[in-house]
Amino acid sequence: MRKIVSLFSLLFLAQFIMAQTQIIAHRGYWKTDGSAQNSITALEKADSIAVFGSEVDVWISRDGIPVVNHDESIFYNGSKILVQDTDAKILKSIKLSNGENMPTLKEYLRTFKKTKNIKLIIELKKHRTKEQEDLLTKKVLKMVRKMKLEDRVEYISFGLNFTTKLIHLNPKAKVYYLNGDLSPKVMKEIGASGIDYHYSVIQAHPEWVKLSHDLGLKVNAWTVNKPEIIQQMIDLKVDFITTDEPLLVRKML
Ligand code: MG
């Protein structure tokens with residue numbers, strides 16, 4: 001009898017742990033000493049606080065190298081240049097606010113391979129042409145496969161082209177769509193792992209959380225930094241909160 005009781009309490013505990021909202025550090029954990037958005041340090045800091053995942057933004061340079069940066073453009077020698085129109089050699093020379101150089105994705109993945117606690121959530125940024133996006137998708141998937149990181153990497157994008165291409169090239173990959181305009185049912189149909197929407201979309205469609213769960217999909221809300229909205233998303237039982245305030249979300253959980 002005691003065995004049965006402890007089995008039930010174990011199951012209860014497992015269910016509770018599984019239902020717990022998980023934290024994703026938006027652009028790594030950067031609101032801390034010596035860190036910067038999308039820096040290698042932000043990735044290491046995310047690992048040091050053992051959140052579920054660390055998010056990172058990726059572009060392809062003019063000469064076909066995947067590089068890590070959020071914005072479409074960046075300052076170089078006093079003028080604004082587009083990341084996708086610039087060679088990797090120049091991009092790599094650009095300093096981040098913490099003094100690091102802009103990393104390539106390969107450098108980023110090398111550090112990620114040494115981390116112990118986190119998954120990497122790679123955002124593929126929307127480019128000017130489908131050709132650039134297709135090349136980036138192929139290169140990123142190949143790099144992740146070669147480094148044997150497939151089990152630890154998930155993908156997100158605002159681009160439906162990226163989303164469908166990723167699923168087509170690697171049906172096992174976990175892929176989420178960010179743009180907020182498609183229902184969980186459509187996501188299920190295209191083979192995505194779930195919705196990854198701005199919290200205002202979840203607020204407007206709170207029923208999408210249960211609908212997603214009923215379809216076997218996960219729900220991620222971004223970028224949730226304010227206590228009242230963090231609480232709202234926790235109460236709605238989203239699976240993931242992407243945030244610039246990972247320690248605050250943890251405290252509230
Ligand atoms: Mg991003």
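Let me start with the contact between two helices, where Ile-40, Leu-43 and Glu-44 in helix 2 meet Glu-107, Tyr-108, Thr-111 and Phe-112 in helix 4. Sorted by class, the residues of this contact divide into four nonpolar, one polar and two charged. Please keep in mind throughout that we are looking at a predicted model.

As for the geometry, helix 2 covers residues 40-48 and helix 4 covers residues 105-114, and their axes come within 10 Å and cross at roughly 20 degrees. Since angles under 35 degrees count as roughly parallel, helix 2 and helix 4 are therefore roughly parallel to each other. The crossing of helix 2 and helix 4 is right-handed.

Now to another helix pair. At what angle do helix 5 and helix 6 pack? Helix 5, which spans residues 130-146, and helix 6, which spans residues 160-169, pack at an angle of about 40 degrees, with their axes 10 Å apart. Helix 5 and helix 6 are therefore described as oblique to each other, and their crossing, too, is right-handed. On the side of helix 5 the contact is made by Lys-130, Glu-133, Asp-134, Leu-136, Thr-137, Lys-138 and Leu-141, while helix 6 brings in Asn-161, Phe-162, Lys-165, Leu-166 and Leu-169. If we go by class, the contact of helix 5 with helix 6 holds five nonpolar, two polar and five charged residues.

Is His-26 buried or exposed? The computed relative accessible area of His-26 is 11%, and because buried means under 20%, His-26 is buried. If we leave aside residues up to four places away in sequence, His-26 touches Glu-55, Thr-223, Thr-242, Thr-243 and Asp-244.

Terms used
Residues are numbered from 1 along each chain as its sequence is written. This is a predicted model: local features need pLDDT of at least 70, side-chain atom pairs count only at pLDDT 80 or more; totals for chains, interfaces and linings use all residues. Side-chain values use heavy atoms; hydrogens and water are left out. Axes are lines fitted to C-alpha atoms, for helices over the stretch in contact, and angles run from 0 to 180 degrees between N-to-C directions. Helices (H or I, at least four residues) and strands (E, at least two) are DSSP runs, numbered from the N terminus. Angles under 35 degrees count as roughly parallel, over 145 as roughly antiparallel, 65 to 115 as roughly perpendicular and the rest as oblique. A crossing is left-handed if the near helix is turned anticlockwise from the far one by less than a right angle, and right-handed if clockwise. Contact means heavy atoms within 4.5 Å. Ala, Val, Leu, Ile, Met, Phe, Trp, Tyr, Cys and Pro count as nonpolar, Asp, Glu, Lys and Arg as charged, and the others, Gly among them, as polar. Buried means under 20% relative accessible area, exposed over 50%, partly exposed in between (1.4 Å probe, protein chains only).
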